[in-house]
Amino acid sequence: IKDEVSDAAKDFLLSLLTSCPCSRPTAQEALRHPWLDLANKEIEKTLKNGSAFKALNNLRNFEKGSKFKMIICDFIANKLLTDDEKSEINKIFQAIDVNGDGLLQKSEVAAGYEKYFDKKIDPEEIDEMFDKVDLDGSGEIGYSEFVVATMNDHNQIPREKLCFAFKLFDLDGGGSISLEEVRNILKVTNPLVDPKEMFKHLDINGDGEVNFDEFVDVMQSLR
């Protein structure tokens, strides 16, 4: 192992390379290694001022919309966030994900609130938060769910991002979204979702196409 690698990192890697399974650390033991704890502390140091507080506050105030709105939010989170936005969200998620398993448990979110708000959050409020944010019902908050819930204040997605998202759905550039375009997008992003059901939800006036105003109306409401 190269000299520029820290002793703690070397110890971590060598422990994982132990040939005897009985002596090799388990996944949970590896996640508790001092080097990972040190890495998490270094990540926290690079967080922008107030960014973790803001993200946790957005998480707390998140209002769950329809599954179709959540699909589009997820689409925006994955396709349209800038590298800088993604980098900061990654750091916040890693800072809260103490055991490093890529999922946020209720205890980790509660600890995050106590750390950044300097006060404890009621268990009932944590349960309510998870009911809204845990979209797949796993009992934990995954990275995509975290991004959707924390990326904007008061669930208001900036109009420019909605405009870009609309254009990505509007595959032929005709200025409206058709059922066929929704079907083609869902084939790639969410193949289990019924495109007809989603299109009906978006097509507020029932004229057989979704214009930008309808798209924005759905995204800025809790429909």
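The questions and answers below go through the helices of this predicted model and a few of its residues.

User: How many helices and strands does the chain have, and on what basis are the values given?
Analyst: Because this is a predicted model, local features need pLDDT of at least 70 and side-chain atom pairs count only at pLDDT 80 or more, while totals for chains, interfaces and linings use all residues. Residues are numbered from 1 along each chain as its sequence is written, and side-chain values use heavy atoms, with hydrogens and water left out. Helices (H or I, at least four residues) and strands (E, at least two) are DSSP runs numbered from the N terminus, and by that count the chain has 13 helices and two strands.

User: What percentage of the residues of the chain count as buried?
Analyst: A residue is buried under 20% relative accessible area, exposed over 50% and partly exposed in between, with a 1.4 Å probe and protein chains only. Among the 223 residues of the chain, the share that count as buried is 39%.

User: Which residues of helix 7 are buried, and on how wide an arc do they lie?
Analyst: Helix 7 (residues 106–117) has twelve residues and reaches 16 Å from its first C-alpha to its last, close to the 16 Å expected at 1.5 Å a residue, where the expected span is 1.5 Å times one less than the number of residues. Its buried residues are Glu108, Val109, Gly112, Tyr113 and Phe117. They are on the same side of helix 7, because the arc they cover around the axis, taken from the directions from the helix axis to the C-beta atoms, is only 140°.

User: What covers the buried residues of helix 7?
Analyst: Contact here means heavy atoms within 4.5 Å. The elements that cover these buried residues include helix 4 (51–61), helix 6 (83–96), strand 1 (103–104) and helix 8 (123–133).

User: Is Asp118 buried or exposed, and what is its phi?
Analyst: Asp118 follows helix 7 and is found in the loop between helix 7 and helix 8. With 70% relative accessibility, Asp118 counts as exposed. Most residues other than glycine have a negative phi, whereas Asp118 has a positive phi, near 60°.

User: At what angle do helix 4 and helix 6 pack, and what is their relation?
Analyst: Axes are lines fitted to C-alpha atoms, for helices over the stretch in contact, and angles run from 0 to 180 degrees between N-to-C directions. The axes of helix 4 and helix 6 are 10 Å apart and the packing angle is about 80°. Angles under 35 degrees count as roughly parallel, over 145 as roughly antiparallel, 65 to 115 as roughly perpendicular and the rest as oblique, and the two helices are therefore roughly perpendicular to each other.

User: Which residues make the contact between helix 4 and helix 6?
Analyst: By class, this contact has five nonpolar, one polar and one charged residues, where Ala, Val, Leu, Ile, Met, Phe, Trp, Tyr, Cys and Pro count as nonpolar, Asp, Glu, Lys and Arg as charged, and the others, Gly among them, as polar. Helix 4 contributes Ser51, Ala52, Ala55 and Leu56, and helix 6 contributes Glu88, Ile92 and Ile96.

User: Is Cys73 buried or exposed, and which residues does Cys73 touch?
Analyst: Cys73 has its place in helix 5 and counts as buried, at 5% relative accessibility. Val147 is 74 residues away from Cys73 in sequence, and their C-alpha atoms are 9.1 Å apart in space. Not counting residues up to four places away in sequence, Cys73 touches Val148, Met151, Ile157 and Met219.

User: Where does Tyr143 lie, and which residues does Tyr143 touch?
Analyst: Tyr143 lies in helix 9 and is partly exposed, with a relative accessible area of 30%. Leaving out residues up to four places away in sequence, Tyr143 touches Lys86, Ile89, Asn90, Phe93 and Gly102.
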